[in-house]
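Subject: Structure for your files

Dear colleague,

Here is the structure I said I would pass on. My notes on it follow below.

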Amino acid sequence: MSQSARSTRSRVTRLGRLGLRAALAAGGAVGLTGCTNWDSYFDPSVTGRWEHTTTRVPVLERIATIEDEPDEFVEYSDIRPIDLIPEAEAYRLGAGDTLIISVYDLIVPGTPQTERRIIDQTGYIEFPQLGRFYVSGLTEDEVRQMFERRAADFVDNPLVSVTLESRRQQAFHLTGSVREPGPYGIPASDYRLLEALIAAGGIGESAKYVHVIRQVPLRADVRGQAPAELPADKPTETPSGEDLLNIIDDLSGQGGQAKPTGDGSLPTLPAERLDQPESEGQPEPFIDILETPPQKPEGQPEPSGAGGASRWVFLNGQWVLGSGPTRVGAPSTGNGGDDYLAMAGQMVTQRVIRVPVKPLLAGDARYNIVVRPGDIIRVPFADTGNVYIDGEVNRPGVYALPSTGRLTLMRAVTAAGGLAGIAIPERVDLVRMVGDDVQAMVMLDLRAITEGTQPDVYLKPDDRINVGTNFWAYPLAVVRNGFRASYGFGFLLDRNFGNDVFGPPPVSRGGGFGF
């Protein structure tokens, strides 16, 4: 055998041994890691689906294994057909409205007496010479007729003019993520939601919903209706001493005991008198007043249903008298007392209309509801805060939640520069705050998420992502980086490996194909 043939055979033998050893090393690495479905050159950090079939996977708002159901303080309502219909009706006066009242010939013949009056919190106004008037819930024409009847006691054929200067009740309020929050007037009965948002400077299209809070009083006293027992346009007559004695005699007998009736039973007050409003001489209080209950003898048990002291509560622009604790969420002060929230729920309720922003701003008339007086329009703020990304990513650090769009786990890893070379996508820890001082941890499978076999999750403020690795990830990276493809058909062996590993490198003597 010639020397050239022996040299060629020797080179082929060395290359064969080299290829066999490389194959064995790669096969051993695959066996050690136990993964055979990698889409990369022995690189477990490369993830993706890369399938011809399409798939649809939800994105989770909440991880049920660590998070409870969110607290819903109110129930949201969809848009109803009645919300699109304007209500054209006469304006009803309320607390804070300003009236300009002129009564002719009251003091000087031929000269009007003009007064500017603001309706107080109890619904009353006062006019010199004529007294106090309860005008809350009335129209301008009804107030004018009331003044004419009162002025008729002083002037024949009185002439009265009532002009509404400011309409505090004909207003709505804007709050939340708007450029100019605050109160706004309603110029017409067909004033729409889109017009209201434009008046506040517009909103960003990143908002998902607009909430319209519409409170509905359930009782007449909460609605601020005029007293039914005492006419508002007639002054209250003060009873004389003899009348008071007669009333006392009618209600009580000797020794302060009630007189029995003919059948032996005790008389009772008529039901309508129990709800009789206070007289004009004693207006409803405009501050938070405690009504002290009568003292009971020591040792006597609290009567059933006693909820502690009665209290005036300001609800929906009106003061109402009820019993129960003085603050929301406070425990009841009496045995079996009514809870404040239950008591308030019987006086006033609300309807929260949730309007989607995108079709509204696109001009869909089905979502452009009518704004009613007293509405509170709230545009929720987008979630703000930071998420923390650590572990085997290329750019670990603190990342702010975006002002537009929402951040998911996959998007966060992409923002952090992707996975590092020794990252194991199946080992991703998510730490999330689930209470004021409680955090929970769960491990997610990023590979399954990117392959579309498991749902992605939305990230929330203060979430922490930690991408892990394992024991075999680093040796596998060493083997993977030890071989690099060169131009042509050959391979380059990384010289970090010594000759004692794969033997001395081949020497090209005859040229061609890297030999």
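Before the rest, the conventions. This is a predicted model, in which local features need pLDDT of at least 70 and side-chain atom pairs count only at pLDDT 80 or more, while totals for chains, interfaces and linings use all residues. Residues are numbered from 1 along each chain as its sequence is written, and side-chain values use heavy atoms, with hydrogens and water left out.

Asp141 and Arg144 meet through their side chains in a salt bridge, 2.5 Å from N to O. A salt bridge means a side-chain nitrogen of Lys or Arg within 4 Å of a carboxyl oxygen of Asp or Glu. Because the two residues are three apart in helix 2, about one helical turn separates Arg144 from Asp141. Arg144 is partly exposed, with a relative accessible area of 25%. Helices (H or I, at least four residues) and strands (E, at least two) are DSSP runs, numbered from the N terminus.

Helix 2 (residues 140-151) also holds Glu142, whose side chain forms a salt bridge with that of Arg92 at 3.2 Å, N to O. This pair links distant parts of the chain, 50 residues apart, with Arg92 in the loop between strand 2 and strand 3 (98-104). Both ends are partly exposed: Arg92 has a relative accessible area of 42%, and Glu142 is at 31%.

Another salt bridge joins Arg406 and Glu61, with the closest N and O atoms 2.7 Å apart. It connects distant parts of the chain, 345 residues apart: Arg406 is in the loop between strand 17 (397-400) and helix 9 (409-415), and Glu61 is in the loop between strand 1 and strand 2 (76-77). Arg406 is partly exposed at 32% relative accessibility, as is Glu61 with a relative accessible area of 40%.

How many salt bridges does a search of the whole structure find? The search gives 15. Glu67, Arg432, Lys460 and Asp463 are linked in a network of them.

Now the backbone. Most residues other than glycine have a negative phi. Trp50, not a glycine, has a positive phi of about 55°. Trp50 lies in the loop between helix 1 (3-33) and strand 1 (59-60) and is exposed, with a relative accessible area of 57%. Asp462, also not a glycine, has a positive phi of about 75°. Asp462 sits in the loop between strand 20 (456-457) and strand 21 (464-467) and is partly exposed at 45% relative accessibility.

Pro44 is in the loop between helix 1 and strand 1, and is buried, with a relative accessible area of 5%. Pro44 and Gly421 are 377 residues apart in sequence and 8.0 Å apart in space, C-alpha to C-alpha.

Last, the chain as a whole. Its secondary structure comes to twelve helices and 23 strands. Of the 515 residues, 31% are buried. Among contacts (heavy atoms within 4.5 Å) between residues at least 6 apart in sequence, 63% join residues at least 24 apart. The chain exposes about 32200 Å², of which carbon and sulfur atoms supply 53%; accessible areas come from the Shrake-Rupley method with a 1.4 Å probe, and for residues only the protein chains shown count as cover.

Regards

Key:
Buried < 20%, exposed > 50% of the residue type's maximum accessible area, 1.4 Å probe, protein only.
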